[in-house]
Amino acid sequence: MLKICYLSDNERRIMNSRRILAEMETENILYENKRVFRTENMEYRFVNCGNEDNYMGLYADQVIIDFRNPMIEIARIITAASCVPDEYKIIDDRKMGVTDY
């Protein structure tokens, strides 16, 4: 199962990204709660990086981020063991149309 995390310290961006990704996967979602949803092949986790406890020990194959620090550094750490090619490990959320509004 591919593990994808969305990282931000902005709750509105987290909610907006979750909505966008859930709409993309709407017919494939097998399980969901406020911070996670799963399809047959993927797990999407939405992490508020405002609290270190939320991301300590986390692992992801791929990360979508609010492209600022500390999310960039956190993304590098939690994808370090991923076998996904480096150019696909960290994705800027603006490519998905995520905003603060």
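Author: Two strands pair if DSSP finds at least two bridges between them. Helices (H or I, at least four residues) and strands (E, at least two) are themselves DSSP runs, numbered from the N terminus. This is a predicted model, in which local features need pLDDT of at least 70, side-chain atom pairs count only at pLDDT 80 or more, and totals for chains, interfaces and linings use all residues. Residues are numbered from 1 along each chain as its sequence is written, and side-chain values use heavy atoms, with hydrogens and water left out.

Reader: How many bridges join strand β1 to β5?

Author: Strand β1 (residues 2–8) runs parallel to β5, and four bridges join them.

Reader: In which sense do β5 and strand β6 pair?

Author: The sense is parallel, with three bridges between β5 and strand β6 (residues 90–92). Here I65 has D92 in β6 as its bridge partner.

Reader: Where do the side chains of a strand point?

Author: In a regular strand the side chains alternate between the two faces of the sheet. In strand β5 (residues 62–65), Q62 and I64 point one way, while V63 and I65 point the other way, and all are buried. Buried means under 20% relative accessible area, exposed over 50%, and partly exposed in between (1.4 Å probe, protein chains only).

Reader: Is E43 buried or exposed?

Author: E43, which lies in strand β4 (residues 42–48), has a relative accessible area of 6% and is therefore buried. Contact means heavy atoms within 4.5 Å. Apart from neighbours within four places in sequence, E43 is in contact with M1, L2, K3, I4, V36, F37 and R38.

Reader: What pattern does the protein chain follow along the sequence?

Author: The pattern is β-α-β-β-β-β-α-α-β, made up of three helices and six strands. Of the contacts with a separation of 6 or more, 60% are between residues 24 or more positions apart.

Reader: What radius of gyration does the protein chain have?

Author: The radius of gyration is taken over C-alpha atoms, and the globule rule is 2.2 Å times the number of residues to the power 0.38. For 101 residues a compact globule would have a value near 13 Å; the protein chain has 12 Å, which agrees. Its C-alpha atoms fill a box of roughly 35 × 35 × 25 Å along the principal axes. Buried residues make up 45% of the 101 residues.
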